[in-house]
Amino acid sequence: MYTQALDSPAPEARPGSSGGQAALERRFEERIERDEKIEPKDWMPDAYRQTLIRQISQHAHSEIVGMLPEGNWITRAPSLRRKAVLIAKVQDEGGHGMYLYSAAETLGIARAELLEQLLDGRAKYSSIFNYPTLTWADVGAIGWLVDGAAIMNQIPICRCSYGPYARAMVRICKEESFHQRQGFEIMLALARGTGEQRAMAQDALNRWWWPSIMMFGPSDATSTHTAQSMRWRIKRFTNDELRQKFIDVTVPQAEFLGLKIPDPALRRDEISQHYLTGPIDWSEFKAVLQGNGPCNHERLQARRTAHEAGRWVREAAAAYAAKHGGRGAQPRSAAHIASPRAEAPCHE
């Protein structure tokens, strides 16, 4: 519904209106300061629009690619209950991607273009999904750590200055909280199990801890976009602030599980009441973002294969819409997402 009349300028932006560009920018900034929501038909600076397209599309791509590591374990889940819960979770992630692509479309970019950017490698998605899921404990670690980090990052976006993005995040965060609890419950069962199961849980924590705290992005000192996104209230907290919140919440959870955070320098600072970590290896983060992670190639190839396999469905839906007077060429359908079982093995 938001895409209707997107090409029509807001009244204050029409030719002949008083004030010009400077007045439009001033009114926009005043609305941001008053914490008003910016809606699709409202005038906005092009830089604000492009920043939102970049952030929302990366978020959507991450949800879609994020189906793959866990989808790979659906047929190998250790019980029918675990299988049903994991299927529900993977379906949720696909739905999150659809909400977010829809929010991005309100900014005047076609979903087909966003998907093309992902498939040809121009668009980024979260580096965390380029790591393999080697054991069942990895499914638990993803829910506990990765989804826990996602919640910490995404709850403030419910107050984002752009209305469609903020509203999409309300439901997404509710579902992510279920995902986090599901992951923690898996880790708890393993931590209370046999020695082999506890070792499996510890191994998963060892491999996922550092990639999880890198999920919040580079440090504030080197972040390219944080300052401007904070001024526009797209973001409410900096990368380092969110990372610290996540660490402070997660370390006591690990202690409850009886697992050890893989950081010998980790300590509790009594003055600041924060847990302080050792140095983060940002070279690994950059390497994964540049396409050199353990599963970068496999993840993108899986998406390309799934997209091509679904071509006939998209074409059939477009033909049906055209025949019956619909909107035609690019239907919003589940055909944009294929089963996560299309994933390449990636040594998993």
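**Exercise 1. Find out what surrounds Asp 138, and say whether Asp 138 is buried or exposed.**

Start with the neighbours: if you skip residues within four places in sequence, Asp 138 is in contact with Pro 132, Thr 133, Ala 204, Arg 207 and Trp 208. Contact here means heavy atoms within 4.5 Å. Before going on, note that you're working with a predicted model, where local features need pLDDT of at least 70, side-chain atom pairs count only at pLDDT 80 or more, and totals for chains, interfaces and linings use all residues. Residues are numbered from 1 along each chain as its sequence is written, and side-chain values use heavy atoms, with hydrogens and water left out.

Helices (H or I, at least four residues) and strands (E, at least two) are DSSP runs, numbered from the N terminus.

The cut-offs are under 20% relative accessible area for buried, over 50% for exposed, and partly exposed in between (1.4 Å probe, protein chains only).

Last, look along the chain: Asp 138 and Met 200 are 62 residues apart in sequence, yet their C-alpha atoms are 8.6 Å apart in space.

**Exercise 2. Check the length of helix α8 (residues 195-214), then look for a bend.**

Step one is the expected span, which is 1.5 Å times one less than the number of residues. For the 20 residues of α8 that should give 28 Å, and the end C-alpha atoms are 30 Å apart, which agrees.

Step two is the bend, meaning the angle between axes fitted to the seven residues ending at a residue and the seven starting there. At Trp 208, α8 bends by about 40°, and a proline, Pro 211, follows within four residues.

Step three is packing. The buried residues of α8 include Ala 204, Leu 205 and Trp 208. What do the buried residues of α8 pack against? They meet α6 (136-154), α7 (163-191), α10 (239-257) and α11 (282-292).

**Exercise 3. Describe the largest pocket and its lining.**

First, the rules: on a 1 Å grid over the protein atoms alone, a pocket is an open set of points where a 1.4 Å probe fits, with protein on both sides within 12 Å along at least five of seven lines; lining residues have an atom within 4 Å of a point.

Then the numbers: the largest pocket holds about 1200 Å³ of space. The volume is the space filled by probe spheres set on the points, which are joined across faces, edges and corners. Its lining has 46 residues, and Gln 58, Met 215, Phe 216, Gly 217 and Pro 218 lie nearest the centre. Among the elements giving two or more residues to this lining are α2 (46-65) and α9 (226-231), while α6 gives the most, with seven.

**Exercise 4. Compare where Ser 127 and Gln 273 are placed.**

Take Ser 127: it lies in the loop between α5 (111-119) and α6. Ser 127 counts as buried because its relative accessibility is 7%. Leaving aside neighbours within four places, Ser 127 is in contact with Phe 285, Val 288 and Leu 289.

Now Gln 273, found in the loop between β1 (267-269) and β2 (274-276). Gln 273 has a relative accessible area of 38%, so it is partly exposed. Its phi is near 65°, a positive value in a residue other than glycine.
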